[in-house]
Amino acid sequence: MSNPLTITANTKFLGIMGYPVAHSLSPTMHNAAFINSGLDWVYLTFAVSPGQLVDALRGLKALGMIGANVTIPHKEEAALHVDELSPEAKLIGAVNVLGVKEGRLIGHNTDGIGFLQSLQQNAQFTVKGSKVLILGAGGAARAIALTLASFGAAQIGIANRTWQRGMDLAQVVKHSTGVEARGLNLEPMDLEPWVKEADLIVQASSVGMHPESEELKWFNPQWLSAQTLVCDLIYNPSPTRFLKLASARGCRTLDGLGMLLYQGAQGFTWWTGLEAPVGVMQQALLEGRAAIQNY
Ligand code: NAP
């Protein structure tokens, strides 16, 4: 078994490109997986500032890297600068995994499928026929809306601070998948029935990330019913204030660690062709989060 700290001329390297990115748990998770799988690979962190992505992507190929992850704020821009997009990345219009295959830079997206797997594995939730309310309309919301629609959700409501962005995402979902999707006004008349009737609510805005300072002021937790599964994509802190409110209403809750795990496991398999050591990756994430929590 190789140690990622024993770096030789043969060691292959990957990493995560984002800005800021120092908080990422992906290096912890992937390095644990590489060691466990006996790969002489190492995973690093690259702070790629806005405006530097295209150079970084060129460098990735030129330096002979296996691939990389892409995170905030580069996911959508990366999709415009690869040689080829996987069907998932094409549908979502964003890339969170890159791979160099036969000299071509391929963009892939595992965020949506990672979230779906976390719903199935950690909450035994059935997407088919479900009514889903998504709070937020950024990159993560987009991946989740399109993936849940593709996997059989019956209705999707999207409520976002910038209303037009939620409307636009609903149009994309409807147009690409045929699923009934609506952008919602942030008014009780529009939101209340969706919160009351949703089988699944996904908090996909960045509100509540450590250090917590803001709230979704337009969301009234009193509308929640105990049958609803409530998810927050944030994994630090865990639980978020949003999930605490949902638990207090008797709802089942799910944080974002499962999504991080399964998007990573899918990426691992895509790069290596090997089955991902999910248990090892999960343990690394739990330890990594405990080390940074409340920093
Ligand atoms: P993004 O593209 O920057 O989108 C941010 C979203 O948050 C937008 O909908 C934005 O609304 C909303 N927002 C930001 N500040 C707000 C405020 N003060 N009040 C109301 N809404 C606000 O980010 P993203 O990539 O979608 O990520 C969103 C969250 O998901 C982040 O917390 C991220 O860490 C998390 N995430 C987790 C995973 C995981 O694996 N667990 C993966 C991806 C993302 P506007 O459109 O109005 O700006």
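1. Start with the middle of the fold. The largest nonpolar core has 34 residues, and F115, L119, I134, L148, I156, L200 and V202 have the most contacts inside it. A nonpolar core here is a set of buried Ala, Val, Leu, Ile, Met, Phe, Trp, Tyr and Cys residues joined through side-chain atoms within 4.5 Å. Buried means under 20% relative accessible area, exposed means over 50%, and partly exposed is in between (1.4 Å probe, protein chains only). At least two residues of this core come from each of α5 (111–123), β7 (131–135), α6, β8 (155–159), α7 (163–177), β10 (200–203) and β11 (229–232). Helix α6 gives the most, with seven residues. Helices (H or I, at least four residues) and strands (E, at least two) are DSSP runs, numbered from the N terminus.

2. Before going on, a word on the source. This is a predicted model, in which local features need pLDDT of at least 70 and side-chain atom pairs count only at pLDDT 80 or more, while totals for chains, interfaces and linings use all residues. Residues are numbered from 1 along each chain as its sequence is written, and side-chain values use heavy atoms, with hydrogens and water left out.

3. Now zoom in on V202. Which residues is V202 in contact with, leaving aside neighbours within four places in sequence? They are F115, V132, L133, I134, L135, I144, C231 and L233, where contact means heavy atoms within 4.5 Å. Apart from this core lies another, of 25 residues, including V21, I66, F268 and W270.

4. Next, the ligand. It is surrounded by 24 residues, and the closest are A140, N160, T162, R165 and G256; a residue counts as near if one of its heavy atoms lies within 4 Å. By class, this shell has 12 nonpolar, eight polar and four charged residues. Ala, Val, Leu, Ile, Met, Phe, Trp, Tyr, Cys and Pro count as nonpolar, Asp, Glu, Lys and Arg as charged, and the others, Gly among them, as polar.

5. One oxygen atom is 2.7 Å from an N or O atom in the side chain of R165. Backbones also take part: a ligand oxygen is 3.1 Å from a polar backbone atom of S206, and a ligand oxygen is 3.2 Å from a polar backbone atom of L260. Taken alone the ligand exposes 920 Å², of which the protein buries 84% (areas by the Shrake-Rupley method with a 1.4 Å probe).

6. N69 deserves a look. It lies in strand β3 (residues 67–70). Is N69 buried or exposed? N69 counts as buried because its relative accessibility is 5%. Its side chain makes a polar contact with the side chain of Y43 at 2.6 Å and reaches the backbone oxygen of N96 at 2.9 Å. A polar contact is a pair of N or O atoms within 3.5 Å; within protein, one must be able to donate a hydrogen and the other to accept it, and residues adjacent in sequence count only if both atoms are side-chain atoms.

7. Finally, check the backbone. A cis peptide bond joins Y19 and P20, with omega about 0 degrees, and P20 is in the loop between β1 (12–18) and α1 (26–36). The bond from I72 to P73 is cis, with omega near 5 degrees. E102 is not a glycine, yet has a positive phi of about 50 degrees; E102 is exposed, with a relative accessible area of 84%.
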